Amino acid sequence: LNGPPDAPASLPRHGDYYVSLHRRVLEAQDHHADIYVSIHENAFPDDPQVRGGTCYALSRHGATDAEAAQLAQEENAADPQIAGVDFSHHSRMLNQVLTDLYQTSSIMAGDQLANDIISQFARVEPVYHRTVQHANFEVLRDPMIPSVLCETAFLSNPTQARELHPRHPGR
């Protein structure tokens, strides 16, 4: 993941264990992240043939569809806490206005990033959704950091599961 020296990647964990949604965002903030990419593996047990990657960006106006809403609800249920931004101790309205301005800019940048990632996915694998999906994921809500959630492939698809985890064929 590390590219140019001035753009190092930071991972919130280095093994197979849970890191709270709150801690993931704090980790990005602690590293003064310019972007946040949450990488996941998808699953759709009702249809093992479904395959491909896609990206989600934050939506304050609801999910793209019922599937996006359900996925966001399941992810968010894992940890209801998320860090806020405090610009002023004296004016709640000022905080709301500044947060809205930053978040609008962040959402626009997240949409562009998600589009770029989907284009790259299309070069190496099938794409599940060719357009950016939108949902209100907790890990995407930091108003200062453009953020995306990427579903790389489907673990419920036996072929993609083997490609993702070649040492664990039963996964």
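Biologist: How many salt bridges does a search of the whole structure find?

Modeller: The search finds three, a salt bridge being a side-chain nitrogen of Lys or Arg within 4 Å of a carboxyl oxygen of Asp or Glu. The structure is a predicted model, in which local features need pLDDT of at least 70 and side-chain atom pairs count only at pLDDT 80 or more, while totals for chains, interfaces and linings use all residues. Residues are numbered from 1 along each chain as its sequence is written, and side-chain values use heavy atoms, with hydrogens and water left out.

Biologist: Why is the contact of arginine 23 with glutamate 27 called a salt bridge?

Modeller: The closest N and O atoms of arginine 23 and glutamate 27 are 3.5 Å apart. This value lies within the limit for a nitrogen of Arg and a carboxyl oxygen of Glu, so the pair qualifies. In general, side chains of opposite charge can pair when their charged atoms come close.

Biologist: Where do arginine 23 and glutamate 27 lie in the secondary structure?

Modeller: Both belong to helix α1, residues 21–30, and are four residues apart, about one turn of the helix. Helices (H or I, at least four residues) and strands (E, at least two) are DSSP runs, numbered from the N terminus. An α-helix has 3.6 residues a turn, so residues three or four places apart point the same way.

Biologist: Are glutamate 27 and arginine 23 buried or partly exposed?

Modeller: Buried means under 20% relative accessible area, exposed over 50%, and partly exposed in between (1.4 Å probe, protein chains only). Glutamate 27 has 19% and therefore counts as buried, whereas arginine 23, at 33%, is partly exposed.

Biologist: Which residues of α1 are buried, and what puts them on the same side of the helix?

Modeller: Leu21, Arg24, Val25, Glu27 and Ala28 are buried in α1. They cover an arc of only 155° around the axis, which puts them on the same side of α1; the arc is that of the directions from the helix axis to the C-beta atoms.

Biologist: Why is histidine 32 called exposed?

Modeller: Its relative accessible area is 68%, so histidine 32 passes the limit for an exposed residue. Histidine 32 is found in the loop between α1 and β1, and its phi is near 50°, a positive value in a residue other than glycine.

Biologist: What makes Ile35, Val37 and Ile39 a nonpolar patch?

Modeller: Patches are made of residues with over 30% relative accessible area and no salt bridge; like charges are joined within 9 Å, and nonpolar side chains (Val, Leu, Ile, Met, Phe, Trp, Tyr) within 5 Å. Valine 37, of strand β1 (residues 36–42), has 34% and is therefore partly exposed. Together Ile35, Val37 and Ile39 have about 250 Å² of accessible area, computed by the Shrake-Rupley method with a 1.4 Å probe; for residues, only the protein chains shown count as cover.

Biologist: How many aromatic pairs does the structure hold?

Modeller: The structure holds two. Rings of Phe, Tyr and Trp (its six-membered ring) pair if their centres lie within 6.5 Å; planes under 30 degrees apart count as stacked, over 60 as edge-to-face and the rest as tilted. Tyrosine 56 and phenylalanine 137 have centres 5.4 Å apart and planes at 75°, and so are edge-to-face. Tyrosine 56 lies in strand β2 (residues 54–58) and phenylalanine 137 in the loop between β3 (133–135) and β4 (147–154), so this pair ties together parts that are 81 residues apart in sequence. Both tyrosine 56 and phenylalanine 137 are buried.

Tyrosine 128 and phenylalanine 154 form an edge-to-face pair, at 4.9 Å centre to centre and 70° between the planes. Tyrosine 128 lies in the loop between α3 (92–124) and β3, and phenylalanine 154 in strand β4, 26 residues apart. Phenylalanine 154 is buried because it has 1% relative accessibility, whereas tyrosine 128, at 23%, is partly exposed.
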